[in-house]
Amino acid sequence: MVRLKRLVPAGFVALVLTYLYAPIAVIVLFSVTTSPRLSMPIEGLTLSWYANAFSNPLMTTALTNSLILALVSAVFSGLFGCAFAFGLVALKQPRLRAALLSASLLPAIVPLLVIGISLAVFFRALGMPQGLLNTAFGHILVSLPFVVLTMNARLENFDFSTLEAARDLGASPWRAFRDITFPLIRPSVIGAALLAAALSLDEFVVTWFNIGNQQSLPVLVWGLMRRGIDPSINAIATMLFALLACLVIASNILNRKKAS
Amino acid sequence: MADATTASMGGARRPLGPLLPAGAFYVVFFAVPMLCLFVISFWTAKGFTLIPGFTFANYVKIFTSPLYQALMLRTIGVAFVTTLIVVPAAFALACCMRFVFERRGQLILQIVLLSLFSGYLVRIYAWRTILGKQGLLNSTLMWLGVIDEPLEFLIYSNIAVVITLSGLLLPLAVLPLYSALLNVPRDHLEAARDLGAGRLHVLRTVLVPMAMPGLRTAFAFAFLLAAGDFVTPSLVGGSQSLLIGNIVADQFRGIGSNWPLGAAMAFVVVAVMLIAYLAVVRLIRWVTRW
């Protein structure tokens, strides 16, 4: 009876997961099939689309740019976001804390399109030509809310009494931070930074409005898509997914690690 | 870092230092750019030069043009249908994760969230591959002999946009709903059931009100992000299914672009969506209380 009761929910969960993963399965499947037409039945298997992808000179530039952006995003939104979450948890007024938390999540709710064009307008007003630097600011902004959110959840049960004990024993705030706080939250900080890197690697909209004539992986994929069916997109996408999946899984493991 | 330390020493009890870097970043790269966008929405453009000024002409144009009105209505419609699919599905999924597969709930959540990282563009492209006229679904159905002619309505239609957007936004809606349901104790549901409440009654009077913060966030994610998307309509939507986001994007990166007009449109979109969002939140609250 208990088993039967779980059958319907299990079926529903399976259905949703199929819906979410069907596109991914399709991309991976067609990155290794011979026919450039993406249809059934499948004719043969090949790795040539991967070779094709790598022989595209734009691909290496795009990959380098994407990795630079991801690194910058990870470092800055990681540092800023973790510090912000830490500051929030230390705040004594619950109302102010809730208000600041909501405000910091705004960039996740405002459509990326609006964020992208507002940054384009802003940089133009400053006279900054479009490029990687502008895009990097956009990426940090887009990742920040997610870093704040995960760190805030992680820090909610942070034990501040250890910190007070350290202070009572005469440690300076900096010393207390270096020797007590940071080692305790380090796995979460790294986890949040990896999440920021993953978000940055995948970011297209803000990038597209601010990167000018430069390339990043999603911008390259966009360009290839506009030109019609090119199965090397599937190869690039599969590699990107593998990379992102590794980052996210690593981020989760680190976030979950009990730091005591 | 040195600045943050001195600040926290000065503030002793309530160190504001850690809030400063991100706070300053938000002000400079979020608040100020939004303000810039708002200001130029009252300007005009001649060719590629922006002419400062103060005119409501852009807003008047948006509200009086039948083309923009139609686009706005279609955008609201598509976003609303997407939300009607995404939020209940995500709620049901979150309930399964929380109350049926309790111990495996976290794992299912991770799997759901991982799908987000297959790439935003890539998933849209994949849906085009699946739904296309000679795509996976049509060719499989024809190969199996279920249909003789490819189904045309699958791609370049509002349906394709809704299917794709729902897939993109579902994981985002599950996250806040699952965390909200984690705060709903199982005993509450069992108590309500023991007192003779039917399943629907429990859903309406216990589950939904207790999950309200999560529902609100999930609704905001699904509705606002669907309404603001322009990549999905431009790849799977065809010319008959463009949304207001496409027109905004064109004003900034297209031929004959008009930044002030695009800026005004962006604010109209955000304002309309916020009003719709607040209306629905009120509606849910009213339904759960009556």
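## Thr55(B) and its surroundings

Two residues are in contact here when heavy atoms of theirs come within 4.5 Å. In this predicted model, Thr55(B) touches Ser41(B), Phe42(B), Trp43(B) and Thr44(B), leaving aside residues up to four places away in sequence. You'll find Thr55(B) in the loop between strand E2 (49-51) and helix H3 (57-64) of chain B.

## Over to helix H7 of chain B

Now for another part of chain B. Val146(B) is 91 residues from Thr55(B) along the chain, and the C-alpha atoms of the two are separated by 58 Å. Just after H7(B) comes Gly145(B), which takes a positive phi of about 80°. Helix H7 itself spans residues 136-144 of chain B, and its buried residues are Leu136(B), Asn138(B) and Ser139(B).

## A look at chain A

Chain A has 11 helices and 0 strands. Its C-alpha atoms fill a box of roughly 70 × 70 × 30 Å along the principal axes. Of its 260 residues, 52% count as buried. Take the contacts in chain A with a separation of 6 or more: 72% of them are between residues 24 or more positions apart.

What about the surface? Chain A exposes about 12,100 Å², with carbon and sulfur atoms supplying 69% of that area.

Phe137(A) is partly exposed at 22% relative accessibility, whereas Phe29(B) is buried at 11%.

Why does the pair Phe219(B) and Phe223(B) count as stacked? Their ring centres are 5.4 Å apart and their planes are at 10°, and planes under 30 degrees apart count as stacked. Both residues lie in helix H11 (residues 212-228) of chain B, 4 residues apart, or about one turn of the helix. Phe219(B) and Phe223(B) are both buried.

Ring pairs also build a cluster, whose members include Phe76(A), Phe80(A), Phe137(A), Phe25(B) and Phe29(B).

How values were computed: Residues are numbered from 1 along each chain as its sequence is written. Chains are lettered from A and ligands numbered from 1 in the order in which they are written. This is a predicted model: local features need pLDDT of at least 70, side-chain atom pairs count only at pLDDT 80 or more; totals for chains, interfaces and linings use all residues. Side-chain values use heavy atoms; hydrogens and water are left out. Buried means under 20% relative accessible area, exposed over 50%, partly exposed in between (1.4 Å probe, protein chains only). Helices (H or I, at least four residues) and strands (E, at least two) are DSSP runs, numbered from the N terminus. Accessible areas come from the Shrake-Rupley method with a 1.4 Å probe; for residues, only the protein chains shown count as cover. Rings of Phe, Tyr and Trp (its six-membered ring) pair if their centres lie within 6.5 Å; planes under 30 degrees apart count as stacked, over 60 as edge-to-face and the rest as tilted.
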